[in-house]
Amino acid sequence: MKKSYSIVLILAIAAIFSSPAQPQTTGTGLIMGAHWDDGTNVAGTVIVGQMNATGPDTILATRTLSSGWASTTLSLSTSSLYDVTLVGTNGTQLVKFPFSAAMINPANLQRAAMNLVFRKTDSSLKSAQISVSMAF
């Protein structure tokens, strides 16, 4: 009887202190921050598209900036070109830039983040910081 209590106790302790299984995420986390040069948040929408040789981009994600930030997770391909567009709440395109994963294995690209600062006087791009996290 003591042996069965010991086994139950060991299983209970193992269940309590074991960490839950975490699902494997497939894709790359893409994050964008957008702020004005006075420190306030830009309001608008971020659109990630896959560029096509003919015709318009294929829209892969559309995210509204929340407190100046937006994020999504996408599976990228080495053979595709993408672009990111930031549109203000008034419909004005603040910035649009292309990117590709052609020189790396997209499966190794865990996260790509960009923090943009715009001049409030004319909505032009003042600075951009880019950081990339990879796993090998």
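**Entry 1: a pair to start from.** I began at one residue pair: Gly49 stands opposite Ile59 in S3. The two strands here, S2 and S3, pair in the antiparallel sense over six bridges. For my own record, strands are DSSP runs of E with at least two residues, helices are runs of H or I with at least four, and both are numbered from the N terminus. Two strands count as paired if DSSP finds at least two bridges between them.

**Entry 2: ground rules.** I am working on a predicted model, in which local features need pLDDT of at least 70 and side-chain atom pairs count only at pLDDT 80 or more, while totals for chains, interfaces and linings use all residues. Residues are numbered from 1 along each chain as its sequence is written, and side-chain values use heavy atoms, with hydrogens and water left out.

**Entry 3: the chain as a whole.** I counted one helix and eight strands. Read from the N terminus, the order is α-β-β-β-β-β-β-β-β. Of the 136 residues in the chain, 29% are buried; buried means under 20% relative accessible area, exposed over 50%, and partly exposed in between, with a 1.4 Å probe and protein chains only. I also looked at contacts, meaning heavy atoms within 4.5 Å. Among those with a separation of 6 or more, 57% are between residues 24 or more positions apart.

**Entry 4: the antiparallel sheet.** In what order do the strands of the open antiparallel sheet run? I read S3-S2-S5-S6, four strands in total. S3 and S6 are the edge strands, each pairing on one side only. Neighbouring strands in this sheet are turned by 15° against each other on average, direction ignored; the axes are lines fitted to C-alpha atoms, for helices over the stretch in contact, and angles run from 0 to 180 degrees between N-to-C directions. S2 and S5 run antiparallel and are joined by seven bridges, and I noted Val87 in S5 as the bridge partner of Thr45. S5, residues 81-88, also pairs with S6 in the antiparallel sense over seven bridges. There, Val84 has Phe97 of S6 as its bridge partner.

**Entry 5: the mixed sheet.** Another four strands form an open sheet, ordered S4-S1-S7-S8, with mixed pairing. S4 and S8 stand at the edges with a single partner strand each, so one side of each is left without a neighbour in the sheet. S1 and S7 run parallel, with eight bridges between them, and Met32 stands opposite Met114 in S7. S1 and S4 are antiparallel, with six bridges, and Ile31 stands opposite Ser71 in S4.

**Entry 6: the faces of S4.** Which residues of S4 are on its covered face, and which on its uncovered one? Ala70, Thr72 and Leu74 make up the covered face, while Trp69, Ser71 and Thr73 make up the uncovered one. I stayed with Thr72, which counts as buried because its relative accessibility is 11%. Beyond its neighbours within four places in sequence, Thr72 is in contact with Thr28, Gly29, Leu30, Ala61 and Arg63. Its C-alpha atom is 9.3 Å from that of Met32, a residue 40 positions away along the chain.

**Entry 7: the largest pocket.** I put its volume at about 410 Å³. Of its 24 lining residues, Leu30, Phe97, Phe99, Ala112 and Ala113 are the closest to the centre. A pocket here is an open set of points on a 1 Å grid over the protein atoms alone, where a 1.4 Å probe fits, with protein on both sides within 12 Å along at least five of seven lines; lining residues have an atom within 4 Å of a point. Grid points are joined across faces, edges and corners, and the volume is the space filled by probe spheres set on the points. The lining has 20 nonpolar, three polar and one charged residues, with Ala, Val, Leu, Ile, Met, Phe, Trp, Tyr, Cys and Pro taken as nonpolar, Asp, Glu, Lys and Arg as charged, and the others, Gly among them, as polar. Among the strands that each supply at least two lining residues are S1 (28-36), S6 (93-100) and S7 (109-118).

**Entry 8: two serines.** Most residues other than glycine have a negative phi. Ser67, in the loop between S3 and S4, has a positive phi of about 55°. Ser67 counts as exposed, at 54% relative accessibility. Ser123, in the loop between S7 and S8, also has a positive phi, about 65°. At 29% relative accessibility, Ser123 counts as partly exposed.
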